[in-house]
Amino acid sequence: SIPLQHGAHRSGNRTDADMARWRSLRFGQFVHWGLYAIAGGEWNGKIYNGAAEWIRSWKEMPTAVYDQLYKQFNPVNYHPEQWAQQAKDMGAGYMIITTKHHDGFCLWPSKYTRYTVAASPYKKDIIGPMVEAYNKKGIDVYLYFSIIDWNHPDWRTSLKTPADSAAYKRFKVFVKNQLTELLVKYPTVKGFWFDGTWDDSWKNDGAFSDELEQYLQKLHPGLIIGSRLRADERGARHFDSNNHLMGDYEQGWERKLPEQPADVHGNDWEGVMTIPENQWGYHAHWLGHIKSSNELIEMLVKSTSLGGNFVLNFGPKADGTFRSEEVQRMQEIGNWMKVNGSAVYGASEAGLGKPDWGYYTRRGDSVFMVVFNVPVSGNLRVKLPAKTTLAEASASGQPVTPELIGKNEYFIPVGNAPRHAPFVILLQTSRAAGAEGGHFEKAK
Ligand SMILES: C[C@@H]1N[C@@H](c2nc3ccccc3[nH]2)[C@H](O)[C@@H]1O
C-alpha cells in the first residue's frame, strides 16, 4: 500500500457510543434553507431548470441581483418548534440544517463576515432556536457547511497564482474560525455535514482537511464527520489512495442508494434524497418525478437493510413555511413509522440476501420482513441460515403460521388482499446451541 500521512486514520467503523447512536437513528431530515428560497427557482418570469440553491450560477440571474436578496430575508412564518414537531411526527431521529450553502450566506450571526442573517431585515439568529427546538423534541442536530463560498473574496476554485495562494490561505483561516464559532455557539450539535469540497483548491490540500478534522474532533470529542470533508495528500476523496474510507461514514450517496452489500463494503454510510428529481432548496416549480411516500419509505427500508442511514430533504419557503407536498409526505411517512418503525430504528442488515417480496432488516434475533411485493401465490418465501431456528412469526402483533417447505425454508402465508402500503412481519429467531458467532452472515 502507498504510505500516506493524510489518508484514513482508522480501518473499520467507529465503535463509540456517539456513532452507535447515529447508526441507531437510521432516519434523518435534511433542511436546505437560505436566500435561494426567495428566488424559488425563477427570475424575471423565467424558470431555472437547475437545482434552486444553484440559481446564483444561472446566466439569467445577475450575481449582483442575487447578492442583494439578503435585504429581503424576513421569514415571518418561521416557527422552529413547529418545524421540530413535524420532524418528530415524521419519525426523524436527526436533522441536518444548512448553516451556509455555496452562496456563503450564513443563517447564524457569524462574526467573521457581514453576509449573515444579522444584516437581513430578520436580524435574528436562525440556527440557535432551531437547534434548541429540535433538541427539545429529542432530535439530534448536524450542521451542513459548504466549503465553497461564492461570496467570500478569498475563496478560489483553483490556485493559479501566488495571489490566489495568499487569498486561499486567508480563506482557510476563515473556514476554521467559522467552524469553531459554530461549535462554540451550538455545543449540542453532533456533527458536521460538509459539502462543496470537490474544487482543486480544497482537493489539493489534503493536509489541511486532515488537520482541520482532527482539530474539530479535539474541540468537540465524538463529533461525527462524513467522508466528504477530506482529501488525502494525493487528492483522493472519500476513499484514500489505498481505498480506505476517510471520515466516519461514507457520505457520497447523494440522490442515489447502494444496491447490494458489496456496494458499501461493510462501512457505515448515509444516503441523502430529494422528493423531486433534483431540488434541495425551495423551487416554486417542481419539474419531473415527485417521489411518493411509499417510494420514500422503500428507500428508507432499503437503506436500513443495507446497514445505512437515509436522510430526506425539505426546502422551506422564504417565509418559513413548508409546501403542501412536503407536509403531506412528512405526515404519511410518520403514520407508517409510528406502526412499523421498529423494523428501522436500531436495525441493520439481516444477512439473508434480497428477497423478491421486499427487504429483510434485523435487530439481534428479531428479523423484520418489510413486504412491498406480495407474490401471486400469497406466500412469502423465507430461507434461514442453517443454525437458525424460527421461534415464531407475527404480523401487527397477530401470530402467523409459517409452512415448512424445505430445510430451514418456509412459506409465510399473507394472502392477496389488496394493500396500499408496505407491511412488516416479525420473525423471532433463535440461535441454535453452538452456533458460532453471528448465525447470520455478516456483510462482507
Ligand atoms: C446536498 C447537495 N449537495 C449540493 C451539490 N452541489 C453539487 C454540484 C455538482 C454536483 C453535485 C452537487 N451537489 C447540493 O446543492 C445540495 O446541497
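Reply: Angles under 35 degrees count as roughly parallel. Keep in mind that this is a predicted model.

Me: Why are helix 6 and helix 8 called roughly parallel?

Reply: Helix 6 spans residues 162–185 and helix 8 spans residues 206–219. Their axes cross at roughly 20 degrees. The cut-off is 35 degrees, and angles under it count as roughly parallel. Therefore helix 6 and helix 8 are roughly parallel to each other. Their axes come within 11 Å, and the crossing is right-handed.

Me: What makes helix 9 oblique to helix 10?

Reply: Helix 9 (residues 293–305) packs against helix 10 (residues 324–340) at an angle of about 50 degrees. Roughly parallel needs an angle under 35 degrees, and roughly perpendicular runs from 65 to 115. An angle of about 50 degrees makes helix 9 oblique to helix 10. The two axes are 9 Å apart. The crossing of helix 9 and helix 10 is right-handed.

Me: Now the ligand. Which residues are around it?

Reply: The list includes H32, E53, W54, H101, H102 and Y144. W193, D195, W198, E254 and W280 are also around the ligand.

Me: How does that shell divide into nonpolar, polar and charged?

Reply: Five residues are nonpolar, three are polar and three are charged. Trp and Tyr count as nonpolar, Asp and Glu as charged.

Me: How much of the ligand's accessible area does the protein cover?

Reply: The ligand has 400 Å² on its own, and the protein covers 74% of that.

How values were computed: Residues are numbered from 1 along each chain as its sequence is written. This is a predicted model: local features need pLDDT of at least 70, side-chain atom pairs count only at pLDDT 80 or more; totals for chains, interfaces and linings use all residues. Side-chain values use heavy atoms; hydrogens and water are left out. A residue is near a molecule or strand if one of its heavy atoms lies within 4 Å of it. Accessible areas come from the Shrake-Rupley method with a 1.4 Å probe; for residues, only the protein chains shown count as cover. Axes are lines fitted to C-alpha atoms, for helices over the stretch in contact, and angles run from 0 to 180 degrees between N-to-C directions. Helices (H or I, at least four residues) and strands (E, at least two) are DSSP runs, numbered from the N terminus. Angles under 35 degrees count as roughly parallel, over 145 as roughly antiparallel, 65 to 115 as roughly perpendicular and the rest as oblique. A crossing is left-handed if the near helix is turned anticlockwise from the far one by less than a right angle, and right-handed if clockwise.
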